[in-house]
Amino acid sequence: MHFTTPDYVIFALLLVASTCIGLFYALSGGRQRTTQEFLLADRSMSCLPVSLSLLATFQSAVAILGAPSEIYTYGTQYWFLGVSYFLGLLIPAHVFIPVFYRLRLTSAYEYLELRFNKTVRIMGTVTFIFQMVIYMGVVLYAPALALNAVTGFDLWGAVLAMGLVCTLYTTLGGLKAVIWTDVFQTIVMFAGQLAVIIVGAHQAGGIGEVWRKAMNGSRIATLDLNPDPTERHTFWTLGVGGVFLMLALYGVNQAQVQRYLSSRTEREAVMSCYVVFPCQQVVLCLGCLMGLVMFARYGEESPLDKGYVKTNDQMVLYFVMDVFRDLPGLPGLFVACLFSGALSTISSAFNSLATVTMEDLIKPYCPAMTEAKATLLSKGLALAYGLVCLAMAYLASLMGSVLQAAFSIFGMVGGPLLGLFCLGMFFPWANSTGAIVGLVAGLAMAFWIGIGNFVSRMAVPTPLLPIINSTTMPLPGNMTTAVMTTLITSIKPTGVQALYNLSYLWYSAHNSTTVVIVGLIVSLLTGPMKEKDLTPGTVYPVLGNLLFFLPERYREKLCCVTPLSHKPKAINTQPYQVAQESNGVAQHKEEEKTEEEDEERATPQPSCRLAHTVQETAL
């Protein structure tokens with residue numbers, strides 16, 4: 001089974017179209033002459049493109065390859081992950097987005113300096129860069145390797161084509177190009193998956209026949225209420241543990257936060273989160289359906305068992321080539337779908353890495369840098385990270401089975417970063433010392449479990465699970481699955497071994513909780529932070545209501561007597577103003593105010609642009 005000319009043409013059209021979108025935004029509008037346009041799209045994006053970009057950013061090629069394999073092998077239990085999407089998107093919409101948007105940030109890690117200090121900000125930034133650089137090469141190389149193994153498509157030709165095209169349109173067109181190519185690539189992804197499902201179901205005798213075979217093959221799972229955290233997939237691991245994975249992705253990850261901040265208004269940023277919810281459900285259903293169609297075609301004798309492919313990630317491509325063998329062009333459409341997932345993920349990584357490097361590591365130390373130089377340097381950073389991605393893809397090709405260790409590194413980082421942001425946002429008395437020690441403790445715990453899991457599995461004389469395991473989770477979920485899924489054995493692990501076998505869906509929750517607990521203990525021991533020292537707007541004021549049962553003197557020590565945002569304080573960020581709305585929620589406004597809004601503000605603003613008077617009520 002090999003590519004035909006129509007397949008190559010369709011695949012090439014995907015790359016050409018993505019490049020043209022980048023060129024369009026490089027030559028139109030502001031022509032990417034400012035950092036605000038290059039990194040934040042001039043904060044001018046509407047709800048729909050932002051929401052589709054949010055979806056595409058972590059709907060990687062790994063998920064497209066892994067989801068059907070998961071359903072084919074284990075059944076539809078994974079579908080219950082959709083339960084976690086509700087809270088996983090509702091909390092970012094009403095907690096994280098308002099805080100980030102009203103502070104007028106460019107990098108999510110600016111928040112850490114406003115809440116704690118510069119050291120915490122740099123630690124968060126370096127941690128994020130570490131995880132994304134390692135993952136970029138993997139997400140580029142893995143689909144190219146699968147494609148090469150099944151179709152004979154040139155391996156390094158695919159890697160270079162994707163890497164260079166992605167680097168080109170990201171460097172030329174900035175965030176606008178990244179978001180609009182994500183929109184285009186999302187449409188291609190849906191088209192490719194739908195084509196496989198429709199043709200495959202028709203060849204299997206229709207959807208009814210597919211469902212009947214899946215029922216007979218025990219692939220339609222029922223609700224599993226087993227509370228054991230070492231069980232790979234149960235309702236509790238999927239529905240509760242999955243919430244923490246979603247929060248790490250859609251709450252505090254720079255790639256997603258940057259899209260929220262590019263929205264025209266806070267309302268549109270919140271709405272984009274709501275639009276993602278049904279889109280994620282559709283993606284989950286498509287993965288389930290494709291897996292069920294695969295089972296209807298092959299039954300219990302999978303291409304992997306027959307030796308046609310070597311790993312699960314290659315099985316989906318084999319199925320696609322098998323289904324489309326007499327339909328020239330459609331294999332090319334699915335491969336375009338597959339590589340769209342890779343392109344959207346990689347371009348988002350380039351742009352977010354350039355942003356945090358510029359805003360967190362360069363600008364604070366070069367305050368006199370002109371806007372023109374800053375923009376040029378941002379483009380240079382995007383280009384440099386593109387070249388680093390190609391280098392990482394080459395290293396990934398040399399790592400062999402150690403790729404699982406690289407995957408685990410990505411999963412080890414999302415949880416501790418989530419814990420760091422939660423520590424600052426929900427606990428007013430947490431101080432910078434607690435944040436630093438908590439993050440270090442969370443990372444240490446994550447690496448201990450991850451490396452221990454990897455080493456213990458290497459010592460087990462049973463075949464290791466495939467490099468790319470099955471999951472429809474976005475980026476970190478995919479990566480963690482590859483490492484944290486437990487071996488299916490008859491012996492129940494105990495002690496430390498049980499910790500190593502923790503389900504990957506509890507992994508983010510475990511590590512983020514470690515950061516919060518250690519951070520709070522250290523903060524209390526080293527002197528809780530005082531209310532007067534807090535930057536207004538950096539703490540979500542919820543504890544005052546939750547701790548109503550405590551005596552006032554204790555709540556006062558915990559900074560929970562009055563809403564923290566009532567205290568005005570100067571902040572070293574871009575000018576912003578907050579007006580008090582009639583519903584009691586402080587809404588962020590642009591600098592251009594109408595005369596009527598100015599009259600309604602309780603306290604007039606000073607004329608100096610560097611002064612920031614904050615008037616907020618408890619959310």
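View 1. At 25% relative accessibility, Glu113 is classed as partly exposed, a term for values between buried (under 20% relative accessible area) and exposed (over 50%), with a 1.4 Å probe and protein chains only. This is a predicted model with residues numbered from 1 along each chain as its sequence is written. Local features need pLDDT of at least 70, side-chain atom pairs count only at pLDDT 80 or more, totals for chains, interfaces and linings use all residues, and side-chain values use heavy atoms, with hydrogens and water left out. Glu113 forms a salt bridge with Arg121, and the closest N and O atoms are 2.4 Å apart; a salt bridge is a side-chain nitrogen of Lys or Arg within 4 Å of a carboxyl oxygen of Asp or Glu. Arg121 is buried, at 7% relative accessible area. A network of salt bridges links Glu113, Arg121 and Asp360.

**View 2. The salt bridge between Glu266 and Arg102.** The structure holds eleven salt bridges. In one of them, Glu266 pairs with Arg102, with 3.0 Å between the closest N and O atoms. This pair joins distant parts of the chain, 164 residues apart: Glu266 belongs to helix α12 (residues 266-298) and Arg102 to helix α5 (residues 82-102). Helices are DSSP runs (H or I, at least four residues), numbered from the N terminus. Glu266 and Arg102 are both buried.

**View 3. The salt bridge between Glu301 and Lys306.** The closest N and O atoms of this pair are 3.6 Å apart. Glu301 is exposed, at 51% relative accessibility, while Lys306 is partly exposed, at 44% relative accessible area.

View 4. Arg259 is buried, with 1% relative accessibility. A polar atom of the Arg259 side chain lies 2.6 Å from the backbone oxygen of Ala255. Leaving aside residues up to four places away in sequence, Arg259 touches Val50, Ser53, Leu54, Thr57, Leu175, Val178, Ile179, Asp182 and Ser348; contact means heavy atoms within 4.5 Å.

**View 5. Crossing of helices α7 and α8.** The axes of α7 (residues 118-151) and α8 (residues 155-204) come within 9 Å and cross at roughly 145°. Axes are lines fitted to C-alpha atoms over the stretch in contact, and angles run from 0 to 180 degrees between N-to-C directions. On the α7 side, the contact is made by Leu140, Tyr141, Ala144, Leu145 and Asn148; on the α8 side, by Leu155, Trp156, Ala158, Val159, Met162 and Gly163.

Conventions
Helix = DSSP H or I, 4+ residues; strand = E, 2+ residues; numbered from the N terminus. Polar contact = N/O pair within 3.5 Å; in protein donor to acceptor, adjacent residues only side chain to side chain.
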